[in-house]
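Welcome, and please open your viewer before reading on.

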Amino acid sequence: MTTTHRVRIQGSDTPLEVAADQSVLDAVLRAGEWLPHSCTQGTCGTCKLRVLDGEVAHNDSPDYTLTPAERCAGLVLGCMATPCSDLVVEPLGAAVDDGAPRHPLRDHDGTVVVLDDIATDTRRLVVELDEPMSFNAGQYAELVIPGTGVGRQYSMANPPSESKLLEFHVKRTVGGRATEGWIFGSLAVGERIELRGPLGQFHLVREQAEPAILIGGGTGLAPLKSIARHVLDHGLVPELYLYHGGRRRDDLYDVEFFRELEAGYDTFHYRPVLSEEQWDGATGMVTDVVVEDFRSCKGLSAYLCGPPAMIEAGVRALKRRRMAPRLIFREEFTVAAPVATTAAS
Ligand code: FES
């Protein structure tokens, strides 16, 4: 029989049953409750909790995310810590209520219906789920590598209205267990697949009075495609600008899709950018092209997804153009997965 413990979040009257081998965050999200989180793999620190009562196992919590001093002070990573007793915990940062719907975390099964090469070392994977999955535009799911139980994180590129047909953009990683070992290897159309989601707090779901800028590098386009389609479908912003950066022409994808979207919406502006090849479009670093286009970003918001260097350059550039840090939202990639989703500090 599975051992469980009762875990209560400070301020809530209702304790949750958490299995001894289940992370606190996993239990909270499956119960439809909310705790701040992003990477769910111990690398971003967004999910830090203070243990007010009880004992936990830290498991593989890395020291660079949770320092020994923080452990001594009773802090834990909610996505890594499992309960050794009944617990009372409180989130370290205030749980921001941004008005976004909270969708419970669930396990899902589905069938691969599309697996196409769309750009250099990049595949589009479309999974038809047996049951729909509710999510916010910009969130991600964890695809489970068969026979391992190990998950890899990919953002949904489809809008939430298509809740049974999930689209993912996957970049090959040299030696990658999920990519070369599976999605670019043995995986084929018609195969069954397991995933869990939704996860993450990178999203744009509320109506806002000011324009928004979306900046993506490589497959960082995926959550921005979901956001763009959702925002345009619901008229959530007065103007929406999408910048997609790649090195060479073969790195770009969905160009025709976005050009057609642009032709259909006066409020949508799409600008693909190449950094290493001259062509008839914009050239240079994608973040440099953004600041050339906007003399002031005061009052605007931005959503960035891509490699850390692009994100850092983008945040610096947007701040120089007077965008408020609290209106800059970002999702960074590591080799294996997207990590931190935060407003810029
Ligand atoms: S460290 Fe737990 S969500 Fe990132």
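The stops below run from the overall layout to single residues.

**Stop 1: the layout**

Keep in mind that this is a predicted model. Begin by colouring the protein chain by domain: domain 1 covers 4-91, domain 2 covers 106-199 and domain 3 covers 212-343. Between the C-alpha centres of domain 1 and domain 3 there are 33 Å.

**Stop 2: the sheet with β1 and β7**

Select the strands β2, β1, β7, β3 and β5, which lie in that order in an open sheet of five strands with mixed pairing. Its edge strands are β2 (16-19) and β5 (75-77), and each of these pairs on one side only. Going from one strand to the next, the twist averages 45°.

Now zoom in on β3 (residues 48-53) and β7 (residues 87-91), an antiparallel pair held by four bridges. Which residue of β7 is the bridge partner of arginine 50? It is glutamate 90.

**Stop 3: two residues with positive phi**

Next, pick threonine 40, in the loop between α1 (24-30) and β3. Its phi is near 55°, a positive value in a residue other than glycine. Is threonine 40 buried or exposed? Its relative accessibility is 16%, so threonine 40 counts as buried.

Then move to asparagine 59, which sits in the loop between β4 (56-57) and α2 (68-72). Asparagine 59 is not a glycine either, yet its phi is positive, at about 55°. With 45% relative accessibility, asparagine 59 counts as partly exposed.

**Stop 4: the antiparallel sheet**

Select residues 105-205, the range that the unreviewed UniProt entry lists as "domain: FAD-binding FR-type". This stretch is 47% strand and 5% helix, and its end C-alpha atoms are 18 Å apart.

Now show the open sheet of six strands, ordered β11-β10-β13-β8-β9-β12, with antiparallel pairing. At its edges are β11 (151-155) and β12 (165-171), each pairing on one side only. Here the twist averages 40° from one strand to the next.

Inside this sheet, look at β10 (residues 140-144) and β13 (residues 192-199), which run antiparallel and are joined by four bridges. Leucine 143 has leucine 195 of β13 opposite.

The peptide bond leading from glycine 197 to proline 198 is cis, with omega near 0°.

**Stop 5**

Select β14. Six of its six residues are buried, so β14 is largely enclosed by the rest of the structure. Ala212, Leu214 and Gly216 point one way from the strand, while Ile213, Ile215 and Gly217 point the other way.

What is the bridge partner of isoleucine 213 in β15? It is tyrosine 241.

Continue to β16, which runs parallel to β15 and is joined to that strand by seven bridges. Leucine 242 stands opposite tyrosine 270 in β16. Five of the seven residues of β16 are buried, so this strand too is largely enclosed by the rest of the structure.

**Stop 6: the cores**

Show the side chains of Leu214, Ile227, Leu240, Leu242 and Phe268, the residues with the most contacts inside the largest nonpolar core, which has 29 residues. Among the elements that each supply at least two residues of this core are β8 (106-119), α4 (221-234) and α5 (255-264). Where does the largest share come from? It comes from α4, with six residues. The core draws at least three residues from each of domain 2 and domain 3.

Centre on leucine 242: beyond its neighbours within four places in sequence, it is in contact with residues including Leu221, Phe258 and Arg271. A second, separate core has 27 residues, among them Val28, Leu75, Cys79 and Leu87.

**Stop 7: out to a loop**

Finish at aspartate 280, in the loop between β16 and β17 (282-283). Its relative accessibility is 74%, so aspartate 280 counts as exposed. The C-alpha atoms of aspartate 280 and isoleucine 328 are separated by 30 Å, and the two residues are 48 residues apart along the chain.

Key
Residues numbered from 1 in each chain as written. Predicted model: local features only at pLDDT ≥ 70, side-chain atom pairs only at ≥ 80, totals over all residues. Heavy atoms only, no water. Core = buried A, V, L, I, M, F, W, Y, C linked by side-chain atoms within 4.5 Å. Buried < 20%, exposed > 50% of the residue type's maximum accessible area, 1.4 Å probe, protein only. Domains from an automatic or database assignment. Contact = heavy atoms within 4.5 Å. UniProt positions renumbered as here; feature names shortened; annotations may be inferred. Pairing = 2+ DSSP bridges. Axes fitted to C-alpha atoms, helices over the stretch in contact; angles between N-to-C directions.
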